[in-house]
Amino acid sequence: MDAFLRGTLVLALTAFVSECIEFLINLVLAKELGELGIGQYMSILPVVGLFMIIASLELPISISKFVAETERRFHLSLLKTALKLVSLFMIVLFLLATILFSVFPLFHDVHPLVRWVILILIPLVSITSIGRGYFIGIQRMGTIAVANLFRRITQLFILVVVFQFFNFDLQLSLLVAICAVIGGELLEFTYVISAFFIHLRHLRGLSHSGNLDRQTVLKNLLTVSLPTTSMRIFHAVTHAIQPFLIKFSLVFAGLSKVEATEHFGMVAGVAMAIGFFPAFIAHSLMTVLIPNVSKAYAVKDKNSLLLLLKRVILITASYGIPACFVFYFFAEPLTNLFVPSKAAAYYLQLLWPYFLLHYFTIPFQAFLIGMGLVKDAFYHNIWSHLISFVLIFVLGAQPSLQMDGVIVGLNAGAVLVMLMHYLTICKKLGISFTLITRKNIQY
C-alpha cells in the first residue's frame with residue numbers, strides 16, 4: 001500500500017471515531033442547550049473558529065508543503081525559523097485580541113467570560129500548528145490522527161461530566177460548551193508538542209544538517225500561509241456572518257427573532273451536524289493530498305497528479321453518494337436523535353447537494369494548494385460566497401420561501417465553488433473535464 005492510501009486510511013479510520021464522538025458531542029449540546037441555546041452556540045462557534053485560524057497562520061499547510069519539497073537535512077533550520085515567526089506573531093495577536101475584547105463588548109448576550117476564555121486558544125493553536133505541519137509534511141499521519149482523537153475525547157468527557165453533575169442556566173451552559181472546546185485543544189497541544197520536541201532532538205543529531213537562508217524560509221512559508229490564511233479568514237468571517245444574515249432574512253420574511261434562531265439552529269446544529277459527518281474522509285484526503293501533490297508537482301510528475309485526482313474522485317463518489325442517499329430517505333430518524341423536529345428532517349433532505357459537493361470541494365482545494373494555486377482557491381470562495389449570500393437574502397426574505405430560499409442559496413454556492421475548483425485543476429493539468437489528457441501541465 002502506497003503512502004497516499006496508507007495515510008488516508010489511518011486518518012480516515014481515526015477521523016471516523018472522532019466524528020462519532022463529535023456526533024455525541026452535538027447530541028449532548030442539543031439536549032442540554034435546547035433549540036435556542038444551540039442556535040446561540042452555533043452563532044459563537046464561527047467566531048471561535050476565526051480566532052483559531054488567525055492563530056494558526058495556516059502553518060500546518062505551509063510547513064507541510066515546504067517540508068515535503070525539502071530534503072530532511074534542512075528541516076531543523078526550517079523549523080527554527082518557523083518557531084521564531086510563530087512566537088512573534090503569537091505575542092502580537094494576543095495583545096491585539098486583548099485590546100479588541102476590552103474595547104468592543106463582543107458576545108454581550110452570553111456569559112461575559114466567554115470572550116476572555118477564547119484568548120487561551122491563541123498560544124495553544126499557534127504552537128501546535130508547527131508540530132502539525134511538520135508531521136503532515138513527513139507523512140506521520142498516525143500522530144495527527146491520535147491528536148485529533150484526543151481533542152474530541154477530551155471535549156466530550158468535559159461536557160458529559162460537567163452536565164452530569166451540575167445544572168446550569170443557559171449562559172453558564174454555553175460557557176461550559178466553549179471551555180470544553182478549549183480543553184480539547186489543550187490536550188492536543190500537549191501531545192503534539194511532546195512528540196514534536198522528540199523529533200527535534202533527532203534532527204539536531206544529524207551530522208549532515210544544513211542551513212536554509214532565513215529570508216528564503218520566511219518567503220516560502222508566507223507565500224503559502226498568507227493567502228491561505230486570508231482564504232480561511234474569509235471563510236470564517238462569512239461563516240460568522242452567515243448566521244446573522246440567515247436570521248435577518250427570516251425575520252424580514254415575517255418570523256420572530258426567536259423563531260428565526262430556532263430554525264437556524266435546526267439547520268446548523270442538526271442538519272449540518274448530520275450532513276457533514278462523512279466529511280471526515282474529505283478532510284483526511286485533504287491532509288494527505290497537500291504533501292503528496294506538492295511533491296509530485298515540484299518534480300513535474302503529471303501522471304502521479306492525474307492518478308491522485310482520479311483516486312480522489314472515485315473515493316469521494318464511493319462514500320458521498322450513498323451517504324446522501326441515507327440522508328434523504330432516513331432524514332427523520334436521523335434528526336430525531338437530536339430533536340423531534342420535522343423541520344430539521346426536511347432541511348436535511350433539501351441540503352443533500354450542499355453536502356455532496358463539499359465532499360468534493362475539500363480535496364480539490366488541497367490540489368490547488370499543492371500546485372501553488374492558493375489565490376485561485378481564494379477567488380473561487382469569494383465569488384461563490386458572494387452569490388450565495390445574495391441568494392440567501394433575496395430568497396430567504398420571501399415570505400413564501402423563508403428557509404427554503406436560504407437553502408437554495410447554500411446549494412448554489414456549493415455548486416459554484418466545486419465547479420470552479422475542478423475546472424481550474426483540469427486547466428492546470430492540461431486535461432479535459434472528463435480527465436482525458438490534452439496538453440502538457442502548465443507551470
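Analyst: A residue is called buried under 20% relative accessible area, exposed over 50% and partly exposed in between, with a 1.4 Å probe and protein chains only. By that rule tyrosine 354, with a relative accessible area of 6%, is buried.

The model is predicted: local features need pLDDT of at least 70 and side-chain atom pairs pLDDT 80 or more, while totals for chains, interfaces and linings use all residues. Residues are numbered from 1 along each chain as its sequence is written, and side-chain values use heavy atoms, leaving out hydrogens and water.

The protein chain holds 16 helices and 0 strands (DSSP runs numbered from the N terminus, H or I of at least four residues for helices, E of at least two for strands). Of its 443 residues, 57% are buried. The C-alpha trace spans about 65 × 50 × 40 Å along its principal axes. Among contacts (heavy atoms within 4.5 Å) with a separation of 6 or more, 81% join residues 24 or more positions apart.

Across the whole structure, a search finds 23 aromatic pairs (ring centres of Phe, Tyr or Trp, the last by its six-membered ring, within 6.5 Å; stacked for planes under 30 degrees apart, edge-to-face over 60, tilted for the rest). One of them joins phenylalanine 252 and phenylalanine 393: the centres are 6.0 Å apart and the planes stand at 50°, so this pair is tilted. Phenylalanine 252 belongs to helix 8 (residues 214-252) and phenylalanine 393 to helix 15 (residues 374-396), so the pair ties together parts 141 residues apart in sequence. Phenylalanine 252 is exposed at 55% relative accessibility, and phenylalanine 393 is partly exposed at 31%.

Phenylalanine 276 and tyrosine 354 form an edge-to-face pair, 5.8 Å from centre to centre with 70° between the planes. This pair links distant parts of the chain, 78 residues apart: phenylalanine 276 sits in the loop between helix 9 (257-275) and helix 10 (279-298), and tyrosine 354 in helix 14 (residues 352-370). Elsewhere, ring pairs connect Tyr134, Phe135, Phe196 and Phe197 into a cluster.

On the helix 10 side the contact includes Leu285, Leu289 and Val293, and on the helix 11 side Leu308, Val312 and Ile315 are among the residues. The contact residues divide into 12 nonpolar, 3 polar and no charged (nonpolar: Ala, Val, Leu, Ile, Met, Phe, Trp, Tyr, Cys and Pro; charged: Asp, Glu, Lys and Arg; polar: the others, Gly among them).

The loop between helix 10 and helix 11 contains lysine 300. Lysine 300 has a positive phi near 60° although it is a residue other than glycine, and it is exposed, with a relative accessible area of 56%. Glutamate 58, also not a glycine, has a positive phi of about 55°. Its place is the loop between helix 1 (3-56) and helix 2 (59-69), and glutamate 58 is buried at 5% relative accessible area.
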